[in-house]
Amino acid sequence: MRDGTLVTPSRITLARKRRGMTIVELARRIDVSTQSLSNYERGRQQPSKETLKRVADALKFPPDFFQGEDLEEIQPDSVAFRARSKMSAGKRDVALSVGRLAVEVERYISTRFRLPEADIPTLEKPAPEIAAEMVRSRWGLGQIPVSNMVHLLESRGIRVFSLAPEYAEVDAFSFWQEDKPFIFLNTLKSAERSRFDAAHELGHLVMHGLSRNVAGPEAEQEANAFASAFLMPRKSVVAHMPSGAFVDQIIKGRRIWKVAALALAYRLHDLNILSDWQYRSACVELSKRGYRSSEPGGIQRETSQIFDKVFRSLRGRGVNPSEVAVALNITPQELSQYVFGLTITTHHGEGHNTEGPRPKLRLISSTNDDLPDSTSRRAHG
Ligand SMILES: [Zn+2]
């Protein structure tokens, strides 16, 4: 900690919410009154150096984290949450603070690398099926299955981050931060469901990004319908799946679009390839075979292409992930949670030779003659 530097109140609040603690809990933990802690967070009083050390220890942030520029919180009403059940305010705050810190990680990267700019059509109230077709058409995907959702989104300027397993309640969430779209994916879910979540969040960005009308069952339904249509385009499904498809054909067919068997069954019903009765019995049979809780024989998890390249490139320059964490004033563990663990493992066994076009990733070093310079502070263009 640098002496003589003031503590930034918003950073105490952010770190506290990141750890899911209330003011009362943290005050007890660091042995000050709730009034004092409240005063620190409102900027009415500065904690002593010793107190700040206790705050830092209790919240597992380096003391330097608390002395930096103001970190404005992300407003809850601008965020689309995909949650398994009604979320408590505390859990929501944890997710929002993760989002805020990820924005800092993104800022670190985008000042050193030129990342793709957002290429997302924001559409005014189209039907989800049409919206999905429009996005596919704009991105030149036609009817082809998406080989890797995370890579595709990244290539279109969406910043995709991972959520640590501690957020079992939150499947995914997304928001716009200035002109950049962010999506967060839970790494606890099966790879197929995570792809669906990614497409669901894309649906929010496309259909609800401008109106900010992202809450409520209607928006959820629209995002689900978008995801289903985006991952399993009508013509492609009709061409590949027989009318009244059997469960074995569904289990085989899910590999074409890399979706969960249940998601394909739902889509088949949606497209009248399965009757009501056939759909219901397919769901019963799939549940019996364990496809409700997991995805037996499923695909490998998708991870970020951008983070992989960025950390590789930084390593080549002699900058280790732990130094990136130091620059961001967070712990290496914290950083790792946001970037699909790619700071720890360099080899993640991703299948690159999958069907479908590989998204073109423009990842350009901000210094055009050399690898990125860790000390350069040039803005991206
Ligand atoms: Zn949603």
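Let me start with a word we'll need all the way through: a residue is buried if 20 or more other C-beta atoms lie within 10 Å of its own, exposed if 12 or fewer, and partly exposed in between, with the C-beta atoms placed from the backbone. Keep that one handy.

Now, what you see above is a predicted model, where local features need pLDDT of at least 70, side-chain atom pairs count only at pLDDT 80 or more, and totals for chains, interfaces and linings use all residues. Residues are numbered from 1 along each chain as its sequence is written.

Okay, the overview. The chain has 16 helices and six strands. By those I mean DSSP runs, numbered from the N terminus: helices are H or I with at least four residues, and strands are E with at least two. Of the 381 residues in the chain, 39% are buried. And then there are contacts: two residues are in contact if their C-beta atoms, placed from the backbone, lie within 7 Å. Take the contacts between residues at least 6 apart in sequence, and 71% of them join residues at least 24 apart.

Let's go to the strands. How many residues of strand 3 are buried? Five of the five, so strand 3, residues 159-163, is largely enclosed by the rest of the structure. Both of its faces are covered: on one side you have Arg-159, Phe-161 and Leu-163, on the other Val-160 and Ser-162, and all of these are buried.

Who is next to it? Two strands pair if DSSP finds at least two bridges between them. Strand 3 has five bridges to strand 5, residues 180-186, and these two run parallel. Find Val-160 and you'll see Ile-183 of strand 5 opposite. Phe-161 has Phe-184 in strand 5 as its bridge partner. Strand 5 itself is mostly covered, with six of its seven residues buried.

Now look at strand 4, residues 170-177. It is joined to strand 5 by six bridges, and here the strands run antiparallel. Phe-184 turns up again, as the bridge partner of Phe-173. Strands 4 and 5 make a hairpin with two residues between them, and Glu-178 in the turn has a positive phi of about 55°.

Seven of its 10 residues are buried, so helix 1 is largely enclosed by the rest of the structure. Which ones are buried? They are Arg-11, Ile-12, Leu-14, Ala-15, Arg-16, Lys-17 and Arg-18. The cover over them includes helix 2 (23-30), helix 3 (34-42), helix 4 (49-59) and helix 5. Just past the end of helix 1, Gly-20 takes a positive phi of about 65°.

Next, helix packing. Axes are lines fitted to C-alpha atoms, for helices over the stretch in contact, and angles run from 0 to 180 degrees between N-to-C directions. Under 35 degrees counts as roughly parallel, over 145 as roughly antiparallel, 65 to 115 as roughly perpendicular, and the rest as oblique.

Helix 5 (residues 89-110) packs against helix 15 (residues 321-328) at an angle of about 115°, with the axes 11 Å apart. That makes helix 5 roughly perpendicular to helix 15. From helix 5 the contact uses Glu-104, Val-105 and Tyr-108, and from helix 15 it uses Val-324, Ala-327 and Leu-328. Sorted by type, that contact has five nonpolar residues, no polar and one charged. For the sorting, Ala, Val, Leu, Ile, Met, Phe, Trp, Tyr, Cys and Pro count as nonpolar, Asp, Glu, Lys and Arg as charged, and the others, Gly among them, as polar.

Then there's helix 6 (residues 128-138) with helix 9 (residues 217-231): an angle of about 45°, and axes 8 Å apart. These two are therefore oblique to each other. Pro-128, Glu-129, Ala-131, Ala-132, Val-135 and Arg-136 of helix 6 meet Glu-222, Ala-225, Phe-226, Ala-229 and Phe-230 of helix 9. That contact divides into eight nonpolar, no polar and three charged.

Last, two single residues. Phe-113 lies in strand 2, residues 113-114. Is it buried or exposed? Phe-113 counts as buried, because it has 21 C-beta neighbours inside 10 Å. Its C-alpha is 9.9 Å from that of Ile-306, though they sit 193 residues apart along the chain.

Ser-48 lies in the loop between helix 3 and helix 4. With 10 C-beta neighbours inside 10 Å, Ser-48 counts as exposed.
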